[in-house]
Amino acid sequence: MASERMTIPATPRTPEIDFDFASGRLALRGESYPDDVATLFGPVVAALREHLAEPSDAPLHVDIELVYFNSSSAKVLMTIFQLLEEAARQGRPVTVDWYCDPDDETMREFGEDFSEDLEHVTFSVREAADRDP
Amino acid sequence: MGLSGMAATLGQEYAAFKRELDSKGIIFSFSGYLSEGILFSLGEALREKMTLEDADGPTVRRVFSVFVEQMQNIIRYSAEKIVASDGRSIELSAGMVTIGMEGGKFFIVCGNTVRNGDVPRLRERLDFLKALDKDGIKAHYREQLREAPDEGSRGATIGLIEIARRASEPIEYDFAATDTDKSFFCLKVRI
């Protein structure tokens, strides 16, 4: 039985992780430069993989609101996007909102780096001010 | 650094050391054992200092990113390293990090000992990155992002590309042989 929800509170160098599988809303918010990326994200990626292994056509929405992430976190994000793309390819509606500050060209460009080969996931870059209350 | 002729007092010795650092535009410099805890604390101080000096947001983010990648490379790859014997994830790695300003630009220099056997591969990666232009670095980053993690590298490949990507001038690096099996490696990045 896959877990219904995985939540990990933020720390000054790790993001708030809220993967609410039951409601189809996943979110990463804050900073991400953990001292050990595998310890933090290993179980999170495993839970996502397990959740996506069960066929479903329930929409999945992902909010990424990261202020900064290091290169090891970038590899994890890519893994997450590849899993989401595969689920979307199999017919699950997946939307991703990628938030960045208006003056943060780097974060905007990262959004392009990740979305470049997403064909089935609907990926939108949004300015932080557009965030839902 | 002692003054020639007569021995300097403690105050004179360290005042001279401090002047030397200041004359190179150094904001801070740390030499010794680095850890993830030190990375975090120095990183916070760096962000605060740059923000107080009204550096613009994008510059603060670029400097911080290069700082984190450089520090994590030392922590993971320094050839002088102490790892907790009871298996706890504590790594203390010898190295140095210096951040300063010259000609109106921030620079970050990191240095650590590497095994001579690892030098050719590292030099090859750096030579490759240095020869790429902005678009080339961006394309290479995207390519590496999609590669399965390189066993044993713990992410150094993409970390070095991230460093090169944030630099405003080509990266500078050097290896100085210290003995038959080790070299001192340093990497200077201007933002």
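In this predicted model, helix H1 (residues 37-53) of chain A and H2(A) pack with their axes 11 Å apart, at an angle of about 0 degrees. That angle makes H1(A) roughly parallel to H2(A), because an angle under 35 degrees counts as roughly parallel. On the H1(A) side the residues are A:Val37, A:Phe41, A:Val45, A:Leu48, A:Arg49 and A:Leu52. They meet A:Ser72, A:Ser73, A:Val76, A:Thr79, A:Ile80, A:Leu83 and A:Ala87 of H2(A). By class, the contact of H1(A) with H2(A) has 9 nonpolar residues, 3 polar and 1 charged.

Read from the N terminus, the elements of chain A follow the order β-β-β-α-β-α-β-α-β. The radius of gyration of chain A is 14 Å, close to the 14 Å given by the globule rule for 133 residues, so chain A is as compact as a globular protein of that length. Along the principal axes, the C-alpha atoms of chain A fill a box of roughly 40 × 30 × 30 Å.

The strands of chain A come next. An open sheet of 6 strands is ordered S1-S2-S3-S4-S5-S6 in chain A, and its pairing is mixed. Strand S1 (5-8) and strand S6 (122-127) of chain A stand at the edges; each has a single partner strand, so one side of each is left without a neighbour in the sheet. From one strand to the next, the twist averages 15 degrees. Within this chain, strand S2 (residues 16-20) and strand S3 (residues 25-32) of chain A pair in the antiparallel sense, over 5 bridges. A:Ile17 has A:Leu28 as its bridge partner in S3(A). Helix H2 (residues 71-89) of chain A packs on the sheet, where it touches S3, strand S4 (60-69) and strand S5 (94-100) of chain A. The direction of H2(A) makes about 165 degrees with that of S4(A).

Chain B also has a pair of packed helices. H2(B) and H3(B) have axes 10 Å apart and pack at an angle of about 165 degrees. H2(B) is therefore roughly antiparallel to H3(B), since angles over 145 degrees are counted that way. The crossing in which H2(B) passes H3(B) is right-handed. H2(B) contributes B:Glu36, B:Leu39, B:Gly43, B:Leu46, B:Arg47, B:Met50 and B:Thr51 to the contact. From H3(B) come B:Val60, B:Val63, B:Phe64, B:Phe67, B:Val68, B:Met71, B:Gln72 and B:Ile75. The residues of the contact of H2(B) with H3(B) divide into 10 nonpolar, 3 polar and 2 charged.

Further along chain B, strand S5 (residues 172-177) and strand S6 (residues 182-190) pair in the antiparallel sense over 6 bridges. B:Glu172 has B:Lys188 as its bridge partner in S6(B). S5(B) and S6(B) form a hairpin, with 4 residues between them.

What remains is the contact between the chains. Chain B supplies 20 residues to the contact and chain A supplies 17 residues. On the side of chain B that touches chain A, the elements that give two or more residues are helix H2 (36-52), helix H3 (57-77), helix H5 (134-145) and helix H6 (156-166) of chain B. H3(B) gives the most to this side, with 8 residues. By class, the residues of the side of chain B that touches chain A are 8 nonpolar, 5 polar and 7 charged.

How values were computed. Residues are numbered from 1 along each chain as its sequence is written. Chains are lettered from A and ligands numbered from 1 in the order in which they are written. This is a predicted model: local features need pLDDT of at least 70, side-chain atom pairs count only at pLDDT 80 or more; totals for chains, interfaces and linings use all residues. Two residues are in contact if their C-beta atoms, placed from the backbone, lie within 7 Å. Ala, Val, Leu, Ile, Met, Phe, Trp, Tyr, Cys and Pro count as nonpolar, Asp, Glu, Lys and Arg as charged, and the others, Gly among them, as polar. Axes are lines fitted to C-alpha atoms, for helices over the stretch in contact, and angles run from 0 to 180 degrees between N-to-C directions. Angles under 35 degrees count as roughly parallel, over 145 as roughly antiparallel, 65 to 115 as roughly perpendicular and the rest as oblique. A crossing is left-handed if the near helix is turned anticlockwise from the far one by less than a right angle, and right-handed if clockwise. Two strands pair if DSSP finds at least two bridges between them. The radius of gyration is taken over C-alpha atoms; the globule rule is 2.2 Å times the number of residues to the power 0.38.
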